[in-house]
Amino acid sequence: MPAVKAVKPLDIFTREQWSMLTAVSAWKGAALIAHAWASIIIIAWGGALLWQWNMIIGLIAAPIIIALLGGRQLGLAILMHDAAHGALHPKRKVNNFLGQWFAGDATGADLQSYRAYHLTHHRFTQQAEDPDLGLSAPFPTSRASMRRKIIRDLTGQTFFKQRSFQISTAWVGIKAMLSRNISKSDKRDTSAGTVFNQKSRSGVAAPITNVEGAVETAKTMLRFMLIQTIILTISLATVGWLPFLFWIIALATTFQLFLRIRNIAEHACAPVGSDDPFSHARTTRAGLLARATVAPYYVNYHCEHHLFMGVPCYNLPLVHDILGPHHDKMKIEKNYADVMRIITQTS
């Protein structure tokens, strides 16, 4: 199937507007990353100090702390997404460095592999070739199904399932890297891109993973562990283990839930196979609570992002305003509660 139909920017904007909207700032992206990490420090370390001052108040505040941290962790993932579009900094090396080390690695994501995957999603949004179609295809769903998903996220089941797979794949990659270092003359044929376990259930050797993919997963996991170690070290060197505990609990719970809600809101219940680019993604208006949790750093302007993916995130609100005459063609919801009602239409 051909790529999705694109909107011509100059049919909407003047040349001056388009030039201004697509200009990537040398400081705004870095400022957003600084904001995310400053917020994390204030929330996690402030929460720890509150706990030390009064454990009962700290215990009451803990769910709020973990929710706010999950929102900032999602914010880091969103900023890595902007880096995947080259919209975090005008210099590619700086863009990739900030997007990888200061955003993606904190949540265990690899910028380069995500970029290839994500740009395919943009090229074939809501078409059969869209690699993200599986995220939106199950909707609408039942309230019971959605409750089960929320419970899995908030109890850490989603996190441990994903990390277990990532760790097992990374271990294959580490062994591959070690074997290459031990014996550069290894002549095993890996041209097919697979390594083999000893026996499958049928008794025949079976491929378990792509070697190069496993090596990249290993590198991603090692960077992820390095960032966690740095956070833990700073935590222990300052006020103790509590900031890191808040951070890791949020990563295993609220981050997973907010990531799910954000994914659902973007494309769930949008038509599949449509040639109307205004119908492929949803924009959801976000108040202060939503921006602190499920919609950090302008990610709620998702229809605008799909229409004009070269626009940095901080310019999307202006794109939304200029698109005013076209709002009737767009999927726009007034809040995330409405989105959840749309995607859970059965009991």
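A residue is called buried when its relative accessible area is under 20%, exposed when that area is over 50%, and partly exposed in between. The model is a predicted one, and the terms just given are used throughout what follows.

**Salt bridges**

Side chains of opposite charge can pair when their charged atoms come close.

Arg-223 takes part in a salt bridge with Asp-105, and the closest N and O atoms of the two are 2.9 Å apart. Because Arg-223 lies in helix H9 (residues 211-238) while Asp-105 belongs to helix H4 (residues 92-107), this pair ties together parts that are 118 residues apart in sequence. Both Arg-223 and Asp-105 are buried.

Arg-223 also meets the side chain of Asp-110 in a salt bridge, with 2.8 Å from N to O. Here too distant parts of the chain are linked, since Asp-110 sits in the loop between H4 and helix H5 (111-123) and Arg-223 in helix H9, 113 residues apart. Asp-110 and Arg-223 are both buried.

A further salt bridge joins the side chains of Glu-216 and Lys-219, at 3.7 Å from N to O. These two residues, Glu-216 and Lys-219, both lie in helix H9, three residues apart, which is about one turn of the helix. Glu-216 has a relative accessibility of 37% and therefore counts as partly exposed, and Lys-219, at 36%, counts as partly exposed as well. As for shared partners, salt bridges join Asp-105, Asp-110 and Arg-223 into one network.

The distances of these pairs are set out below.

| Salt bridge | N to O distance |
|---|---|
| Arg-223 and Asp-105 | 2.9 Å |
| Asp-110 and Arg-223 | 2.8 Å |
| Glu-216 and Lys-219 | 3.7 Å |

**Patches on the surface**

A patch of positive charge is formed on the surface where Arg-143, Arg-147, Arg-148, Arg-152 and Lys-161 gather. Helix H7 (residues 143-154) gives the largest share of this positive patch, namely four residues. Lys-161, for its part, has its place in helix H8 (residues 157-182), and with a relative accessible area of 68% Lys-161 is exposed.

There is also a nonpolar surface patch of about 540 Å², made by Phe-97, Trp-101, Phe-102, Leu-226, Ile-230 and Ile-234. The elements that contribute two or more residues to this nonpolar patch are H4 and H9. Ile-234 is one of the residues found in helix H9, and its relative accessible area of 44% makes Ile-234 partly exposed.

**A contact across the sequence**

Ile-322 has its place in helix H14 (residues 316-322), and because its relative accessibility is 22%, Ile-322 counts as partly exposed. Which residues is Ile-322 in contact with, leaving aside its neighbours within four places in sequence? They are Ile-12, Phe-13, Gln-17 and Leu-21. For one of these residues, Gln-17, the separation is also given: Ile-322 and Gln-17 are 305 residues apart in sequence, and their C-alpha atoms are 9.5 Å apart in space.

Technical notes. Residues numbered from 1 in each chain as written. Predicted model: local features only at pLDDT ≥ 70, side-chain atom pairs only at ≥ 80, totals over all residues. Heavy atoms only, no water. Patch = residues over 30% accessible without salt bridge, like charges linked within 9 Å, V, L, I, M, F, W, Y side chains within 5 Å. Areas by Shrake-Rupley, 256 points an atom, 1.4 Å probe, with all protein chains shown as cover. Salt bridge = Lys/Arg side-chain N within 4 Å of Asp/Glu carboxyl O. Lys, Arg positive; Asp, Glu negative; His and termini not counted. Charge placed at Lys NZ, Arg CZ, Asp CG, Glu CD. Buried < 20%, exposed > 50% of the residue type's maximum accessible area, 1.4 Å probe, protein only. Contact = heavy atoms within 4.5 Å.
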